[in-house]
Amino acid sequence: MSTGVVEHGPTAPTSPVQSPNTGIKNADEIIKLALTYGLTATVETTDRKTRTNYLVRIAIPVPTAYAGTELAHAIAADTLIMQWTKANRKGARGRFEEATVHSGTDSRKVRTMREVTASVESMGHSSNEYARDAAPLPDDVVDALHAVFLDGRQVHPGITATHVRTIVKNRRFKGHHVHQDDDKAICIENRRYVPVTVTGPTPDDVVDAPHAVYNSHNVRLKNIAADDVRHLVMVQRHAGQSSDQSDDGTITAAGVRFIPQRWQGAGERQHVRIVNGGTPEPISTRDALTEINNAMMKPGKRAVREMSAARSTARIVYRDGRTVDLRPATDGTAPAKQEQRPTVQELTGDIPKSIMAFLTERYAAVADGTAVPVTADMIRPGMEVIAAVRLEPRTVEAVMHYNGPGTPWVHITWTPRSHADSVMGDTRVFEPNHPLAVTVDSLDRLDGAEETTPELAARPAAEVLAADPIPAGVSVLEGMPGRAITREELRTPSGVLAHTDYVVQFRDAGRWILPNHDDQADITRGGVATVLRGMLDNGHGRARTSLDTDGIAYVSDGRQAARYIPAALIADYSADLCPGCDTPYATNGDGPCTDGRSVPAEKRRADDVKARARAVKFAGKWWADQHTEEPTDEALGAALADCEKPPQPELYPAIREAIAAEMPPAAAAPLFTALAAYEAVKEASLSESPRDLHTVACHLETLPLAAPAGLHPALRAARDAAKEAREDLRVAEGRTSRAAARDKARAAIEQARAAVLAVEPRAWQMRGTYVPATAKDIRAAARAYLATLGTPEELSAIETGTPSVRVECRPTLSTGKQVFVRITAAVNSPTGRIPAHPPVSLRIPRLDGRLNAADNARKALHHLFRVDVPVEYAGLRRV
């Protein structure tokens with residue numbers, strides 16, 4: 001005896017396999033029909049001595065989007081199993097033995113080919129519906145080229161998104177399976193259409209200059225215009241091919257490099273313009289010569305204080321304080337900007353301590369942190385180097401490196417600040433590891449350090465100066481926050497102190513105070529670094545310095561302590577005004593500042609607790625007065641003005657937080673509050689009893705919390721009308737008085753109905769789309785729905801119970817061809833189900849007469865629920 005399995009369908013393997021075949025005409029026709037509908041067909045063959053048995057399984061493929069869900073199990077359970085036999089002799093015919101149709105709830109036998117064909121067609125229609133529901137829409141296809149993969153192997157570099165959308169649209173129309181995975185790739189059987197991510201520059205990123213073309217052997221071919229390079233980049237991107245662009249604008253595509261000719265002789269000649277020793281700016285030679293001629297002749301000559309020029313090089317000192325240097329641009333003159341600023345260690349290299357001590361003693365700028373030593377091989381155009389003799393900054397214009405053979409060297413050309421220097425003094429040759437003093441400001445301008453300076457949220461000066469993170473009873477030496485600052489870090493203050501201006505406070509009797517007005521509180525970064533270094537050097541090992549997360553620096557040696565606050569932390573800070581009392585130093589005398597003192601942390605915490613308690617009390621009054629408008633400063637001031645001690649404006653943010661936290665259930669879910677009120681109005685319209693009118697009045701008493709402030713008068717008027725009608729009905733005795741009371745009750749009910757619908761127009765009918773979807777939403781809806789009539793036990797059970805959605809079903813009483821369904825989201829508790837809204841009632845057709853009402857409802861409605869809680873299907877008893 002031998003067996004074999006042949007499988008075919010959307011999930012079958014794609015390597016060459018035998019098509020499912022039995023050799024029996026009727027069986028093969030059924031298999032062909034199943035494959036036409038996109039079903040999976042499996043044939044198991046068992047060879048015996050006298051006959052061959054064929055077991056044919058037909059199933060619905062499970063869409064990938066439903067994998068692992070309850071619906072997936074239900075789909076996988078729908079199968080058709082047929083058993084055929086054929087004698088092992090010449091001319092024998094196949095025989096249909098039996099067939100069984102399985103579903104998730106039951107199974108049944110089919111005995112005729114007509115029933116088998118009907119079952120396959122029913123499964124095919126269901127499969128097409130599942131495929132359409134789970135398939136992506138054409139609009140979901142990524143708007144990019146798609147690479148085609150067959151069995152994991154790429155067979156096409158890219159087809160357009162329009163082509164892929166057409167494929168998706170056609171398969172959706174036919175009801176065939178298609179899936180979109182997490183990578184946005186379209187998956188169809190063994191094929192994947194993967195969107196291609198094109199990287200590299202766009203046509204807008206191409207430098208607006210002529211480009212030199214170099215092949216893969218670094219041989220220069222020709223020069224082309226920038227527009228031609230843009231066209232090439234656009235063609236590359238449309239073809240799905242990536243390219244690369246380096247920092248200097250060079251574009252590499254298909255092994256060919258396109259280098260922009262910004263400083264060479266290609267195209268228009270260039271000059272370099274330097275203003276006040278800043279970063280060199282490239283300009284055209286025509287513009288440079290125009291400025292030189294204008295400075296030599298009237299009327300532009302009147303604005304020039306001093307000028308010297310030779311050929312096309314000039315130095316112009318204007319009367320407004322500007323000093324402009326103009327000279328022809330050469331290779332290496334461009335101030336190349338780096339994407340990431342080199343670290344201090346990369347700039348300084350391994351400088352011996354003796355050399356570092358000499359630099360600190362020779363250059364005052366290195367000592368106070370406004371300059372750092374940089375090795376010659378790290379010098380770039382645009383840096384300012386402090387001259388060793390005149391101690392004046394000179395701007396580097398060009399740098400040339402020589403790496404051998406022989407001794408390597410660095411050739412540096414700079415612009416002196418004084419014209420007393422000779423031309424020979426403008427050029428120096430150094431060894432690569434020779435240290436030069438470079439100003440920090442030039443590094444900031446060149447590398448964009450101002451963009452990396454941390455931005456601090458500015459606060460009022462009183463708040464910043466009063467903050468004290470040092471615990472009570474602990475010295476600053478022991479309790480200073482943040483990380484420690486080492487003596488080595490303070491060699492380059494800009495690397496540890498991110499800001500340029502600071503405000504100093506001294507420690508006195510457990511508090512932080514500002515210095516006297518004649519000393520001023522403003523101090524620069526270099527001054528802070530000098531103080532910190534001096535404290536560490538003279539502290540005999542006891543001094544400590546630290547840097548907090550907000551940029552505040554602390555220093556203490558056990559006997560004295562200070563802290564340095566970044567000026568950026570203080571809103572509207574001015575170096576000419578005392579931050580404590582906001583008075584100018586020029587006129588406030590030389591005494592101490594009485595303001596700007598810190599507050600102990602324990603006292604600040606106690607004040608915060610008291611403030612929060614007061615905020616909660618004011619929030620309770622806000623909701624008690626049924627205020628539903630936005631709690632702005634003006635609204636809070638008007639609502640709380642009649643309090644015995646109205647809150648100060650500084651407390652308003654805390655009151656707003658408490659209002660949001662103490663929001664009543666009716667305000668949290670206004671729709672369900674209105675639904676409960678409308679249910680009460682409908683019951684009162686049917687009975688017109690005093691008790692139902694009282695219930696309506698209670699709902700109208702709660703409803704203002706869920707309504708805008710403009711509707712409060714109408715709600716209160718409807719409430720008063722309901723109360724008056726209830727009282728008239730209760731005391732009416734004669735026929736005339738009872739008739740008048742009923743008329744008044746009907747009018748009050750209609751007035752209440754209009755008031756409720758004005759608050760929430762959707763309250764007239766509960767719909768399926770209003771059903772809350774999450775456990776949190778169901779609990780909020782239940783609290784709002786029972787806000788008026790809920791008992792304490794029910795409100796407590798809402799918090800501890802289990803939210804769910806129940807679908808109660810029964811056949812209709814007349815013919816049974818329809819199913820009556822009632823849907824309710826509720827909270828299950830030991831005392832029973834606590835509803836969150838009125839039930840949703842609807843009728844659906846009975847899809848399968850063999851199934852009960854609950855199974856029919858599950859089959860028709862399961863794919864419509866989009867909830868995160870369990871869905872229960874139960875039978876509904878007839879009453």
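**Salt bridges and an antiparallel sheet**

The side chains of R192 and D181 form a salt bridge with an N to O distance of 2.8 Å, a salt bridge being a side-chain nitrogen of Lys or Arg within 4 Å of a carboxyl oxygen of Asp or Glu. Because R192 belongs to strand β11 (residues 191-195) and D181 to the loop between β9 (179-180) and β10 (186-188), the pair ties together parts that are eleven residues apart in sequence; helices (H or I, at least four residues) and strands (E, at least two) are DSSP runs, numbered from the N terminus. R192 is partly exposed at 30% relative accessible area, whereas D181, at 18%, is buried (buried, under 20%; exposed, over 50%; partly exposed, in between; 1.4 Å probe, protein chains only). The model is a predicted one, in which local features need pLDDT of at least 70 and side-chain atom pairs count only at pLDDT 80 or more, while totals for chains, interfaces and linings use all residues. Residues are numbered from 1 along each chain as its sequence is written, and side-chain values use heavy atoms, with hydrogens and water left out.

By the salt-bridge rule the count comes to 27. Within helix α5 (residues 226-238), D227 and R230 lie three residues apart, about one turn of the helix, and their side chains meet at 2.7 Å, N to O; D227 is exposed at 55% and R230 partly exposed at 21%.

Elsewhere, five strands form an open antiparallel sheet in the order β18-β17-β21-β20-β19, where pairing requires that DSSP find at least two bridges between two strands. Its edge strands, β18 (281-284) and β19 (304-310), each pair on one side only. Four bridges join β20 (residues 313-318) to β21 (residues 323-328), and A314 has L326 as its bridge partner in β21.
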